[in-house]
Amino acid sequence: MPLLDIRNLTVSFDTSIGLFKAVEGIDLSVDAREVLAIVGESGSGKSVEMLAVMGLLPPSATVTADKLEFDGKDLLHMPPHEKRHIIGRDIAMIFQEPVASLNPCFTIGFQIEEVLRFHLGMDRKQRRARAIELLHQVGISDAEQRLHAFPHQMSGGQCQRVMIAMAIACKPKLLIADEPTTALDVTIQKQILDLLVGLQAQHGMALIMITHNIGVVAETADRVIVQYRGHKMEESDVLTLFEAPTSPYTRALLSALPDNATGDRLPTIGDFSAEPAI
Amino acid sequence: MSVPVLETHHIVRDYHVGRTLFAGGQVIHAVKDATLKVEKGKTLAIVGESGSGKSTLARILTLIDPPTSGELLIEGERVDIIKTGVSKQMRRKVQMVFQNPYGSLNPRQKIGDVLAEPLVINTDMPASERQDRAQQMLKKVGLAPEHFNRYPHMFSGGQRQRIAIARALMLNPSLLVLDEPVSALDLSVQAQILNLLADLQDEFQLTYVFISHDLSVVRYIADDVMVMYLGEVVEQGSREAVFADPQHSYTKTLFAATPRADVASIKARLARRAAEIA
């Protein structure tokens, strides 16, 4: 049985010009210990469907699905107070802007310990010890001192490490990473990706990697879903996707990579024009 | 041999920070000793991560900030903006395109006015001619005449970047400094903009200084490459030389950190992963 099982997910937003469907009829499943990458450009609905799983969409969004199950539990019809004990504990998420996702008013130690208090009910001493252990796990060396640091005193890469520490604090079964390295330099990106994949293997988590970066997909994923404008274009294992992509959109996307350039002009996605209708 | 469009000798830029009435504060060396030369119609790529001084150098090259010391020559003419300021002729020769197409256009200005403004400031051209020129330029960068009276918020990111490029080209500059022009764009749009830049370079014999942290883009577009690290120029040479045989350890780190999207390296990664799990 898959860990996360989604059938026919549709998310629509109520806008002033009518209903806008951001995600339409997506099927998706993740097994335990699997790394799934969801790739797409902006507007493909890749973040929206994960926010729907987390229940983090604004009230203007309507989520419908035939099935939205995590670990055998129906997330769609679950009352919020029950959901709160799953979100953050069994499913954790990290976001694109690490500095903006941390609360600037509290030390990072406080923010990590808050997770431990809420979900695991640890006492003060246990929390402190676990927070230090977590910071060590994500590669922050002087953990004892760093606990007292505020987010603005740390670099972007360090903040992302703290976010990861918070996310894995309760040993989640599923970690969702929404563009975790987009705001970071390549050298830092490499470190964060290695860390995420390492932790995934070590803890046996499932990992969903949301990204627009083909390179990140190639470096991390087992299986890949390619999305475009709320629809699934292709789903295959990572090697097949790069060796023999079946959908024309994937082929176009891969050929737009400057790495794959052959002539002195890049092929562009003509049939799949990314310009919105004005 | 013709005179290079851009030449610098030992450019240094220091910033004084934390100086108070009583304490001297610190000096940050943002750019240390940058010497470079770009011939007409060529592209120099400056690579480096955040804090490497590449944007500071760009501000010096575009005559926005003065260097602390060193010499800047544009088309063989020495420029010292502290002593003599920037003449209108000089301003016409050098133009800049910024990273964020959302932030670099005035939201209250129609596109036609955006394009005509450089002409208003730097020339005595009559209004009717300005409008003609703006219309022509709009077509050159792949937009339609009906876009003339629209506001920036009505355009997508890629279209806005086209507008920013059009604005920079209004004065027929010989040197265009592009500060991360495609890093905020989706892959398919990135390909379109890179193609547009290549077309314009062929048509107008433009010289580009292309600032980027994305090595795959640099490898595609650059003739010469300069790698910066903590304000220092650590490597400089032709694209072939730098990519084939990087000398400095930082350049090697940078190359190693860049995600690889070819089938062979995916196979290698999957094999490593299988070995780890077994």
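The model is predicted: local features need pLDDT of at least 70, side-chain atom pairs count only at pLDDT 80 or more, and totals for chains, interfaces and linings use all residues, while side-chain values use heavy atoms, with hydrogens and water left out. Residues are numbered from 1 along each chain as its sequence is written, and chains are lettered from A and ligands numbered from 1 in the order in which they are written.

**Figure 1. Overall dimensions of chain A.** The secondary structure of chain A comprises eleven helices and eleven strands (DSSP runs, numbered from the N terminus: helices are H or I of at least four residues, strands E of at least two). The C-alpha trace spans about 60 × 45 × 40 Å along its principal axes. Chain A has a radius of gyration of 19 Å, which agrees with the value near 19 Å for a compact globule of 278 residues (taken over C-alpha atoms; the globule rule is 2.2 Å times the number of residues to the power 0.38). Buried residues account for 53% of the 278 residues in chain A (buried means under 20% relative accessible area, exposed over 50%, and partly exposed in between, with a 1.4 Å probe and protein chains only). Of the contacts in chain A between residues at least 6 apart in sequence, 66% join residues at least 24 apart (contact means heavy atoms within 4.5 Å).

**Figure 2. Gly215(A) and its contacts with chain B.** Gly215(A) counts as buried, at 6% relative accessibility. Leaving out residues up to four places away in sequence, Gly215(A) touches Pro259(B), Arg260(B) and Ala261(B). Within chain A, Gly215(A) and Leu257(A) are 42 residues apart in sequence and 9.4 Å apart in space, C-alpha to C-alpha.

**Figure 3. The interface between chain B and chain A.** In this view, 39 residues of chain B are in contact with 41 residues of chain A. The two chains bury about 3500 Å² between them, 57% of it on carbon and sulfur atoms (buried area is the accessible area, with a 1.4 Å probe, that two parts lose on being put together, summed over both). Two salt bridges are counted between chain B and chain A (a side-chain nitrogen of Lys or Arg within 4 Å of a carboxyl oxygen of Asp or Glu). Asp222(A) forms a salt bridge with Arg273(B), with the closest N and O atoms 3.1 Å apart. Helix 6 of chain B (187–204) is among the elements that give two or more residues to the side of chain B that touches chain A. This helix gives the most to that side, with eleven residues.

**Figure 4. The surroundings of Val227(B).** Val227(B) lies in strand 9 (residues 224–229) of chain B and is buried, with a relative accessible area of 3%. Not counting residues up to four places away in sequence, its contacts include Val47(B), Val234(B), Tyr250(B) and Leu254(B). The C-alpha atoms of Val227(B) and Glu49(B) are separated by 9.5 Å, although the two residues are 178 residues apart along the chain.

**Figure 5. Two loop residues with positive phi.** Most residues other than glycine have a negative phi. Lys171(A), which is not a glycine, has a positive phi of about 50 degrees. This residue is found in the loop between helix 7 (156–167) and strand 8 (174–178) of chain A and is exposed, with a relative accessible area of 54%. Leu230(B), also not a glycine, has a positive phi of about 50 degrees. Leu230(B) lies in the loop between strand 9 and strand 10 (232–238) of chain B, and its relative accessible area of 51% makes it exposed.

**Figure 6. Salt bridges within the chains.** The side chains of Glu179(A) and Lys46(A) meet in a salt bridge (3.7 Å, N to O). The pair links distant parts of the chain, 133 residues apart: Glu179(A) is in the loop between strand 8 and helix 8 (186–203) of chain A, and Lys46(A) is in helix 1 (residues 46–54) of chain A. Both Glu179(A) and Lys46(A) are buried. In chain B, Glu203(B) and Lys140(B) meet in a salt bridge through their side chains (3.5 Å, N to O). Glu203(B) lies in helix 6 of chain B and Lys140(B) in helix 4 (residues 127–140) of chain B, so the pair ties together parts that are 63 residues apart in sequence. Glu203(B) is partly exposed at 48% relative accessibility, and Lys140(B) is partly exposed with a relative accessible area of 37%.
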